[in-house]
Amino acid sequence: MKNFIKKNIVLILYQIFLLETKLKNKRIHVKNIKDSIINVKEKKLSVGRFGDGEFKWLYGKRENDNFEKNSKKIQNDLKRVISSRRNDFKVCIPDIFEGLDQYREKSKIFWAGQLVKHGNQWVKKLDSDYEYLDSLITRPYMIYRDKNESRKLFDLFKSIWKQRNILIIEGRETRFGIGDDLLSNAKSVSRIICPSKNAFEKYEHILNITSEYVKSNRSKDLLVLASLGPTATILAHDLSLKESVQVIDIGHLDIEYYWSLIGARDKVKVPYKYVNEVKNGDKVEKLPVEYEKKYLSQVVNVIE
């Protein structure tokens, strides 16, 4: 009974927040997940995603994270990215500012709570005249009520890299696309491996190494996928600007894909891959021989 009352209070406060932003003429516009993915595909957009974590880093409130230390540098770079208005780059924020009915109950309460606690602060950094894309594009399965749409959304993503050469920037045990068919229609896959924790401490080195690779492979219709926490948000902006290459901050898409394949109803460990959101998700098994050979053949650089 107590939880029921608490949930309803959160949802009422969320509705009050939406009303207040409307009355203050500060409504925030976010394209839905499907239209966001279509925009990325058709316009070959680069995207940097802001979720609850990135907003907390931006405001210096995420001090004891399990995979990235906060710093003034992260905060300032995230502020720079969220203010970007380039035509070839889109800022992504959660599609939570005009209703939550598309999400399952647990996610609905979570995002309502985030806006109740932090919404007024977030809105100060957001622009009511700008149309954002949905930062939850890389989470098309677990949080949604209608799981039937997930397959279509994953297929849309796959169409983005169909017969394209992919460069993945990822943590040491991320292993994006290994062990499933998410990237099976790509022309080729290469990887630059970065630290799984505190990658931003090596940011300039990561940017320089990836930049050199892009320069050397510019003629190959290259697509860069970055899965590296807040470092990926910033890298997507800076690398796409520096080298005129499409960079997608791809986040947990591969983890979500695995969960969808097994029909998971809650977040669980994924074999051979680092999952920071589940208990013991940082304890990662060694790759089986049949996957290890393929994975190692794709690695073009390792940043310690």
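Biologist: How many bridges join strand 5 to strand 6, and in which sense do the two strands run?

Modeller: Keep in mind that this is a predicted model. Strand 5 covers residues 165-171, and strand 6 covers residues 188-194.

Biologist: Which residue of strand 7 stands opposite Leu167?

Modeller: Strand 5 is also joined to strand 7, and these two run parallel. Six bridges connect them. In strand 7, the residue opposite Leu167 is Val224.

Biologist: Is strand 5 largely enclosed or open, and why?

Modeller: Buried means under 20% relative accessible area. Seven of the seven residues of strand 5 are buried. Therefore the rest of the structure leaves strand 5 largely enclosed.

Biologist: What is the handedness of the crossover from strand 7 to strand 8?

Modeller: Strand 7 spans residues 222-227 and pairs with strand 8 in the parallel sense, over four bridges. Leu223 stands opposite Gln246 in strand 8. The chain leaves strand 7, passes through helix 8 and reaches strand 8, and this β-α-β crossover is right-handed.

Biologist: Which residues of strand 8 point the other way from Gln246 and Ile248?

Modeller: In a regular strand, side chains alternate between the two faces of the sheet. Strand 8 covers residues 246-249, and all four are buried. Gln246 and Ile248 point one way, and the other way point Val247 and Asp249.

Biologist: Which residues lie closest to the centre of the largest pocket?

Modeller: The largest pocket holds about 1,000 Å³ of space. Its lining has 47 residues, and the closest to the centre are Arg139, His252, Lys267, Asn276 and Glu277.

Biologist: Which helices each supply at least two residues of that lining?

Modeller: By class, the lining has 17 nonpolar, 15 polar and 15 charged residues. The helices that each give at least two residues are helix 3 (52-58), helix 5 (105-125), helix 8 (229-243) and helix 9 (253-262).

Biologist: How many disulfides does the count come to?

Modeller: A disulfide is a covalent bond between the sulfur atoms of two cysteines. The cut-off for the sulfur pair is 2.5 Å. Cys92 is buried, at 0% relative accessible area. Cys194 is buried too, at 0%, and the count of disulfides is zero.

Biologist: Is Asn25 buried or exposed?

Modeller: Asn25 sits in the loop between helix 1 (2-23) and strand 1 (29-30). Its phi is positive, about 60°, although Asn25 is not a glycine. Exposed means over 50%. Asn25 has 62% relative accessibility, so it counts as exposed.

Biologist: And how does Tyr272 count at 27% relative accessibility?

Modeller: Tyr272 belongs to the loop between helix 9 and helix 10. It is not a glycine, yet its phi is positive, about 70°. Values between the buried and exposed cut-offs count as partly exposed. At 27%, Tyr272 is therefore partly exposed.

Biologist: How far apart in space are Ser297 and Lys6, C-alpha to C-alpha?

Modeller: Ser297 is in helix 10 (residues 289-298). Ser297 is exposed, with a relative accessible area of 58%. In sequence, Ser297 and Lys6 are 291 residues apart. In space, their C-alpha to C-alpha distance is 52 Å.

Terms used
Residues numbered from 1 in each chain as written. Predicted model: local features only at pLDDT ≥ 70, side-chain atom pairs only at ≥ 80, totals over all residues. Heavy atoms only, no water. 1 Å grid on protein atoms, 1.4 Å probe; cavity = no way out; pocket = protein on both sides within 12 Å on 5 of 7 lines; lining within 4 Å. Points joined across faces, edges and corners; volume = space filled by probe spheres on them. Nonpolar A, V, L, I, M, F, W, Y, C, P; charged D, E, K, R; others polar. Buried < 20%, exposed > 50% of the residue type's maximum accessible area, 1.4 Å probe, protein only. Pairing = 2+ DSSP bridges. Right-handed = clockwise from strand over helix to strand, strands pointing away.
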